[in-house]
Amino acid sequence: MSQQNTEHLDTEEQRAFRLKARDWMKGRLPPRRMREEPVMDFSDPELVARDRRIQKALWDGGLAGVTVPKEYGGLGLDVRFEDILHEEAEPYRLPWHFGNAFVVVLPTLLKHGSESLKKRYIPAMLKGDHVWCQLLSEPSGGSDLAGVLTNATKQGDKWVLNGSKVWTTGGNHSDMGLCLARTDPTVAKHAGLTWFLVDMKSPGMTINPLTLLNGTVDFCQEFLDNVEVPEDHVVGQVNDGWTVAQSHLAHERAGMARGWHIGLRQEAEAEHLELSQGLIALTKRLGLDKDPHARTLVGEAFVLDMIQGLTTRRVSQGVIKGALPGAWGAVPSLLHARTSIRRSALLSELAGPVGVAVIPGDEGPRQGMSRVMTHRIGGGTLETQLNNVAERVLELPREPGPPRDTPFNQLRTNAAPQR
C-alpha cells in the first residue's frame, strides 16, 4: 500500500518543509531499489553502514526526528510533517535498519527515560551514530516477557547483569540495547523487573549470530557475564519495569501491525486504497493470470491486505483520540499475524513448486513468505496476542495459573531457582 500524495493539503509552512525535503534528498539519498536489495539484512554489513549514512544525511539536512522535541535534537513538529517527509522520500531508501531505534526505543526513552539519558542517546540515534536492539526474549521464556531470568544486582555505583537473551534482531551490529532484567526475584512475577540501557560492546557481552534454515542471519543470541551498566542507565524506576514494559510493548505491537520500517509502507489518509502489484506480476509471470483459481487466490490476498490496513488505521486513530483504550493496540498486531499466515499460504499455493524450488540467489516468489513465522512470533506469539485480546479487550477470564502475587522464585521454571 503506497502513500497517497497529499501535497494539495499543505499549509504554507508545510509546503516550505516539503520543498526543503525534496531538494535535500535529491542526489543525497540512494534510490529505493526494492527488488535488487532487501529492506533489512543484518548479514550485509555494507547495507547496515549505508543506512547509518542515510540517517546521518537526514540529520545534516535538518530532516531527522521530525516529531521529536527540539531539546533532544528533533524538529518538534507534528505528525503531518513526518507524513510529508515520507511522501517525498518515496523514491529513496530510508534507514530501515533503525526500526528498533525509532519504533520502540525512542518512544520508550521519551516517556520513561531520565533527562540525562534522553539528551545523551536520542541525538546520537538521530545522527545515525547508534543502531539499537532489544534484549528481551530468553532461551527459557519466549514470549513470557515477565518470566525473564537475566538478573541485575547493584554493586556500588553500577549494576551487574548476568543471563542470556536470544532472537535479538541485529545484535551483532547494534551499538546499544534496551534490556529487561530481574532485580528482585522475591516479589511477584511482574514486579521486581527493571529496564537498562546496555552498551553492546561492554566487557562480558558475547554475541553469537544465528544462521536460520533459510540462510538469513538477522538474529543473535547474547550471553551476559558480569556486564556492568552505569547506575544512571535505568529506564523508569527500579523494580517497576512492568510499567515501562506496557508502553514499550504497545509501541512494538503497533510497529508490527503498521509496518516496522518507517516510511516503507504508509496508510493512505483518504478512502482511496491502492493494491500491491506484486501478486499480479507473479501471477502473470507464472502464466496464471487467466486461471480462475489463481485469480481467486489473488483476490483473497487483496482482501486481507485491505482489512489489515483499514483495521490498523481505525484502531490507531481510536487509541490516539481516546475513543479506544490502549489495550486495543493488540488487535491489529493479532490480525497482522493471522493475515500474514494466511497470505503466505495463498502465495505458496499460487506459486506451487516454484515457491520452494528456485535458483540459489534468486528469491523468486518466496519473497513475502520468508518472514511469515516472524510475524507469528514478533511482538509476542500468536497465542500471547490471543490472550491479550481475550483478557484485555473482550474481558474474558484469565487462563488458570498460580496467584498473581506468588513470588517469582517460587514459580516453576526450566532453569535453576532464583535466590
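Student: What is the angle at which helix α1 and helix α3 pack?
Tutor: Helix α1 (residues 12-25) and helix α3 (residues 79-88) pack at about 35°, with axes 9 Å apart. The axes are lines fitted to C-alpha atoms, for helices over the stretch in contact, and angles run from 0 to 180 degrees between N-to-C directions. Helices here are DSSP runs (H or I, at least four residues), and strands are E runs of at least two, numbered from the N terminus. One caution: this is a predicted model, where local features need pLDDT of at least 70, side-chain atom pairs count only at pLDDT 80 or more, and totals for chains, interfaces and linings use all residues. Residues are numbered from 1 along each chain as its sequence is written, and side-chain values use heavy atoms, with hydrogens and water left out.

Student: Which hand does the crossing of α1 and α3 have, left or right?
Tutor: Right-handed. A crossing gets that name if the near helix is turned clockwise from the far one by less than a right angle, and left-handed if anticlockwise.

Student: Which residues of α1 and α3 meet?
Tutor: From α1, they include Phe 17, Ala 21 and Met 25; from α3, they include Phe 81, Ile 84 and Leu 85. Contact means heavy atoms within 4.5 Å.

Student: How do α9 and α11 pack? What is the angle?
Tutor: Helix α9 (residues 330-351) packs on α11 at about 145°, with axes 9 Å apart. Here α9 passes α11 in a left-handed crossing. Leu 334, Ala 337 and Ile 341 are among the α9 residues that meet α11, whose partners include Leu 386, Val 389 and Val 393.

Student: How do you know that the length of α4 agrees with a helix?
Tutor: Expected span is 1.5 Å times one less than the number of residues. For the 14 residues of α4 (residues 99-112), that should be 20 Å; the end C-alpha atoms are 19 Å apart, so the two agree.

Student: Where does α4 bend?
Tutor: At Val 105, by about 40°. The bend is the angle between axes fitted to the seven residues ending there and the seven starting there. A proline, Pro 107, follows within four residues.

Student: Why is α4 called largely enclosed?
Tutor: Because 12 of its 14 residues are buried. Buried means under 20% relative accessible area, exposed over 50%, and partly exposed in between (1.4 Å probe, protein chains only). Phe 102, Leu 106 and His 112 are among the buried residues.

Student: What makes Asn 239 stand out?
Tutor: Its phi is near 70°, a positive value in a residue other than glycine. Asn 239 sits in the loop between β8 (234-235) and α6 (241-258). At 33% relative accessibility, it is therefore partly exposed.

Student: Why is Glu 395 called exposed?
Tutor: Because its relative accessibility is 67%. Glu 395 lies in the segment after α11 (382-393). Its phi is near 60°, positive in a residue other than glycine.
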